[in-house]
Amino acid sequence: MHSDGPAHRITLAASDQTYECTNGDVMLRSALRAGIAFPYECNVGACGNCKFELIEGDLDVLWPEAPGWTAKDRERRRYLGCQSAPRGDCTIKLRPSAHYAPKHAPRRVNGTLSERRAITHDIEEFRFTLSGAMPFEPGQYALLTLPGVEGQRAYSMSNIADGMTHPRELHFQVRRVPNGQGTGVLFDVLDIGACIDIDGPYGMAYLRRDVKRDILCIAGGSGLAPMISIARGVAAERALDDIKLHFLYGGRTPRDVCGRDMLETLPGWAERLHFQAAVSDVAPDSETAWDGHVGFVHTVAETLFGENLRDMEIYFAGPPAMGAAIQRALVALKVPFDQVHFDQFY
Ligand SMILES: Cc1cc2nc3c(=O)[nH]c(=O)nc-3n(C[C@H](O)[C@H](O)[C@H](O)COP(=O)(O)OP(=O)(O)OC[C@H]3O[C@@H](n4cnc5c(N)ncnc54)[C@H](O)[C@@H]3O)c2cc1C
Ligand code: FES
């Protein structure tokens with residue numbers, strides 16, 4: 001379990017803002033815990049959005065091979081906030097951006113694996129009971145520290161915390177990655193009753209409750225969980241009673257398709273909550289017949305909604321290649337950027 005060592009003081013250059021980072025924590029997450037709007041996205045060293053410049057002080061780089069950290073960054077004393085642990089007091093240069101102001105300050109709790117169930121041939125749901133409350137917004141994610149695995153792994157919650165002052169459960173829907181370290185431990189090593197560190201919530205692709213536009217949720221592969229959470233959030237939010245939600249799930253073959261059964265149980269199903277699925281691989285699947293859409297989700301979304309997408313609030317989650325294709329399609333259709341919310345699953 002995590003243990004907090006002595007704190008180091010981090011000062012933001014060109015402002016009098018300071019915050020504390022304890023031993024065992026990193027620059028980015030301790031800033032967010034203190035309410036500082038430190039820009040970031042993935043939290044796992046991949047996107048490069050959390051870079052800052054070290055002006056004074058010393059730090060440890062936790063994952064020197066992180067794909068988001070380049071040789072040029074090293075030369076310029078630029079570091080990843082999610083992979084930097086200060087050794088003492090530091091001064092850093094960073095441009096906070098209000099967009100990243102945390103809605104809920106991230107906190108570290110213990111999570112006990114209480115239940116798991118299969119969703120498809122390679123996706124399972126893992127439920128953790130928490131030692132302390134972790135309020136979060138539909139669509140956010142948490143970081144799991146798994147035994148024997150370097151760093152943390154990010155997983156989005158599929159449940160919601162609505163109406164609960166002390167949400168004590170997190171549900172994750174995880175796709176097994178062949179030879180993946182983290183998913184290997186989750187699927188094959190963790191027993192019911194096992195206890196791990198969980199840190200969250202994180203992520204900016206959360207449900208905008210104050211926006212009264214119809215919603216399109218696009219989930220590709222492992223991107224199921226946050227979109228299910230958003231659909232559950234919409235169903236539970238009375239202020240969004242008049243909003244229609246369209247859910248589009250994209251898989252490779254018919255046996256990958258999932259999510260419909262989770263929406264069917266929600267109030268408003270078939271009236272204002274709708275589910276469609278697309279598969280990209282038309283080769284006949286020996287076990288499952290298919291009469292749904294065929295193609296990649298971004299082209300199916302374009303065909304189904306066309307220019308109406310400009311009037312919708314769009315959320316999507318899944319692998320970076322899918323995210324890039326959806327973004328290109330939305331730009332071509334002139335969908336306003338502030339109506340589009342996503343986390344890419346590096
Ligand atoms: C915001 C976000 C949300 C996600 N939500 C989901 C979800 O809901 N469901 C789902 O199935 N997947 C999700 N993922 C993907 C998930 O986090 C893992 O990348 C995936 O499960 C593969 O992990 P692995 O350890 O099995 O694979 P591996 O190939 O062993 O590890 C890949 C991941 O681990 C990170 N990593 C590798 N080595 C280190 C290290 N030394 N230190 C720190 N990080 C390291 C990489 O950046 C990469 O993210 C999400 C990813 C992100 C960024
Ligand atoms: S948030 Fe640090 S690299 Fe993505």
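Buried means under 20% relative accessible area. That cut-off applies to the close-up views below, drawn from a predicted model.

**View 1. Y315 is a buried residue of strand β18**. Strand β18 spans residues 313–318 and contains Y315. The relative accessibility of Y315 is 0%, so Y315 counts as buried. Leaving aside residues up to four places away in sequence, Y315 touches A205, Y206, L207, R208, I215, L216, C217, I218, M227, I230 and H341. Q339 is 24 residues from Y315 along the chain, and 8.4 Å separate their C-alpha atoms.

**View 2. The largest nonpolar core has 33 residues**. Y19, M27, F38, Y40, F52 and I92 have the most contacts inside this core. Two or more residues come from each of β1 (7–12), β2 (18–22), α1 (27–33), β3 (51–56), β5 (78–80), β7 (90–93) and β10 (141–145). Helix α1 gives the most, with 4 residues. Domain 1 (7–100) and domain 2 (107–202) each supply at least three residues to the core. In soluble globular proteins, nonpolar side chains tend to be buried together.

**View 3. I92 and the residues it touches**. Among the contacts of I92 are I10, T11, L12 and A13. I92 also touches Y19, M27 and F38, as well as F52, E53, L54 and I55. Residues up to four places away in sequence are not counted here.

View 4. The domain assignment divides the chain into domain 1 (7–100), domain 2 (107–202) and domain 3 (215–344). The centres of domain 1 and domain 3, taken over C-alpha atoms, are 34 Å apart. A second, separate core has 27 residues, including L224, L240, L263 and F275.

**View 5. Helix α3 is mostly covered**. The buried residues are G182, T183, G184, V185, L186 and F187. They pack against four strands: β8 (107–118), β9 (123–130), β11 (153–156) and β12 (169–175).

**View 6. Helices α6 and α7 pack together**. Helix α6 covers residues 297–305, and helix α7 covers residues 320–332. Their axes lie 8 Å apart, at an angle of about 30 degrees. Angles under 35 degrees count as roughly parallel, and α6 and α7 are therefore roughly parallel to each other. From α6, the contact uses V297, H298 and E302. From α7, M322, A325, I326 and A329 take part. By class, the contact has 5 nonpolar, 1 polar and 1 charged residues.

**View 7. A cis peptide bond joins G200 to P201**. Omega for this bond is near 5 degrees. P201 lies in strand β13, which spans residues 195–202. Most peptide bonds are trans.

**View 8. A270 and K334 have positive phi values**. Most residues other than glycine have a negative phi. For A270, which is not a glycine, phi is about 75 degrees. A270 sits in the loop between α5 (260–264) and β16 (273–279). With 51% relative accessibility, A270 counts as exposed. For K334, also a residue other than glycine, phi is near 60 degrees. K334 is found in the loop between α7 and β19 (340–344). K334 is exposed too, at a relative accessible area of 63%.

Terms used: Residues are numbered from 1 along each chain as its sequence is written. Chains are lettered from A and ligands numbered from 1 in the order in which they are written. This is a predicted model: local features need pLDDT of at least 70, side-chain atom pairs count only at pLDDT 80 or more; totals for chains, interfaces and linings use all residues. Side-chain values use heavy atoms; hydrogens and water are left out. A nonpolar core is a set of buried Ala, Val, Leu, Ile, Met, Phe, Trp, Tyr and Cys residues joined through side-chain atoms within 4.5 Å. Buried means under 20% relative accessible area, exposed over 50%, partly exposed in between (1.4 Å probe, protein chains only). Domain bounds come from an automatic or database domain assignment. Contact means heavy atoms within 4.5 Å. Axes are lines fitted to C-alpha atoms, for helices over the stretch in contact, and angles run from 0 to 180 degrees between N-to-C directions. Angles under 35 degrees count as roughly parallel, over 145 as roughly antiparallel, 65 to 115 as roughly perpendicular and the rest as oblique. Ala, Val, Leu, Ile, Met, Phe, Trp, Tyr, Cys and Pro count as nonpolar, Asp, Glu, Lys and Arg as charged, and the others, Gly among them, as polar.
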